[in-house]
Protein chains: 2
Amino acid sequence: MSIASDLIRGSTDMIILAQLMRNESYGYEINKKIQQKSGKQFELKEATLYGAFRRLEEAGYVSFYWGDEQTGARRRYYSITEKGRESFQIMTEDWHKACRLIESMISLDEEENRDE
Amino acid sequence: MSIASDLIRGSTDMIILAQLMRNESYGYEINKKIQQKSGKQFELKEATLYGAFRRLEEAGYVSFYWGDEQTGARRRYYSITEKGRESFQIMTEDWHKACRLIESMISLDEEENRDE
DNA sequence: AAAATATACCTTGACAGCCGAAGTATATTG
DNA sequence: CAATATACTTCGGCTGTCAAGGTATATTTT
């Protein structure tokens, strides 16, 4: 993991929801997907991952059911709720805003101040 | 303040250093600058600000001296050190990387996985 | 002259998210 | 049969943020 976790913090929920926007899935698989999509640069630690699911569940952004695997360990399948979808939209908008804002604050060329 | 602080967390030190890259300054003024540059969307709370200075100082990224104001409250002037400049470069690079990474993970169009 | 506001810094305690570490359980591979 | 992979869970510590309070000085308002 090469990315400082404090840079990711506050984005984990959004990243998980993004996976669930594609298809429902379970914790372990979601984490693997994130790992491979990031080219191994980033993984959620298990405690972080499952903590995030608890949060998302409490917020009503995801719902889950236990898979009925005939083989292997049982899986907790999550799917995103309508509320979760709406929230995901807002999260990504906020995230893009925050990015632009930070960008404007760390860029060293002399620019004008904003006024809105 | 309209930006979730968890999205900013991990960027505050970088944002402060960015200000000091332009010119040396003191806490109160730096915070005002950040406020106006962000169009009031973002301000560091005082406890956060002064906590950050302590961190930056301990890390050797900034040094300070007491101003000799003849009038008004005394000011603690900070300037960025060589070590701080180097670190700022790395921070911004890491930040841009993290941005691209998150972007790739939350964008919903079907893209290929990275492999590096 | 007293009160309010602005400047400028400092500290404490609570809280939330991240993570290392350890544990449970099942299935596969060497 | 030991090691590895899958899959989820919990605990305790750490760190950054913030609300709330404080100190001190100068200016502006009433």
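Throughout this report, Ala, Val, Leu, Ile, Met, Phe, Trp, Tyr, Cys and Pro count as nonpolar, Asp, Glu, Lys and Arg as charged, and the others, Gly among them, as polar.

## Basis of the description

This is a predicted model, in which local features need pLDDT of at least 70 and side-chain atom pairs count only at pLDDT 80 or more, while totals for chains, interfaces and linings use all residues. Residues are numbered from 1 along each chain as its sequence is written, and chains are lettered from A and ligands numbered from 1 in the order in which they are written.

## Chain A as a whole

Chain A has 5 helices and 3 strands, where helices (H or I, at least four residues) and strands (E, at least two) are DSSP runs numbered from the N terminus. Along the sequence these elements of chain A follow the pattern α-α-β-α-α-β-β-α.

The radius of gyration of chain A is 17 Å, whereas a compact globule of 116 residues would have one near 13 Å; the radius is taken over C-alpha atoms, and the globule rule is 2.2 Å times the number of residues to the power 0.38. Taken along the principal axes, the C-alpha atoms of chain A fill a box of roughly 65 × 30 × 20 Å.

With 25 residues at 1.5 Å a residue, α5(A) should span 36 Å, and its end C-alpha atoms are 36 Å apart, which agrees; the expected span is 1.5 Å times one less than the number of residues. The buried residues of α5(A) are Gly84(A), Phe88(A), Met91(A), Thr92(A), Trp95(A), Ala98(A), Leu101(A) and Ile102(A). Their cover includes α2, β2 (62-66) and β3 (76-80) of chain A, together with α1, α2 (12-22) and α5 (82-106) of chain B.

## How the two chains meet

The same surface serves both copies, since 100% of the contact residues of chain A recur in chain B; two residues are in contact if their C-beta atoms, placed from the backbone, lie within 7 Å.

The contact takes 34 residues from chain A and 35 residues from chain B. On the side of chain A that touches chain B, two or more residues come from each of α1 (5-8), α2 (12-22), α3 and α5 (82-106) of chain A, and α5(A) gives the largest share, 10 residues. By class, this side of chain A has 18 nonpolar, 9 polar and 7 charged residues.

## The surfaces near the DNA strands

DNA strand C is surrounded by 26 residues, the closest being Ser5(A), Ala47(A), Tyr26(B), Gly27(B) and Tyr28(B), where a residue is near a strand if its C-beta atom, placed from the backbone, lies within 6 Å of it. The elements that give two or more residues to this surface are α4 of chain A together with α3 (27-37) and α4 of chain B, and the largest share, 6 residues, comes from α4(A). The residues near DNA strand C divide into 9 nonpolar, 8 polar and 9 charged.

Around DNA strand D there are 27 residues, of which the closest are Tyr26(A), Gly27(A), Tyr28(A), Ser5(B) and Ala47(B). The largest share of the surface near DNA strand D, 6 residues, comes from α4(B).

Terms used
A residue is buried if 20 or more other C-beta atoms lie within 10 Å of its own, exposed if 12 or fewer, and partly exposed in between; C-beta atoms are placed from the backbone.
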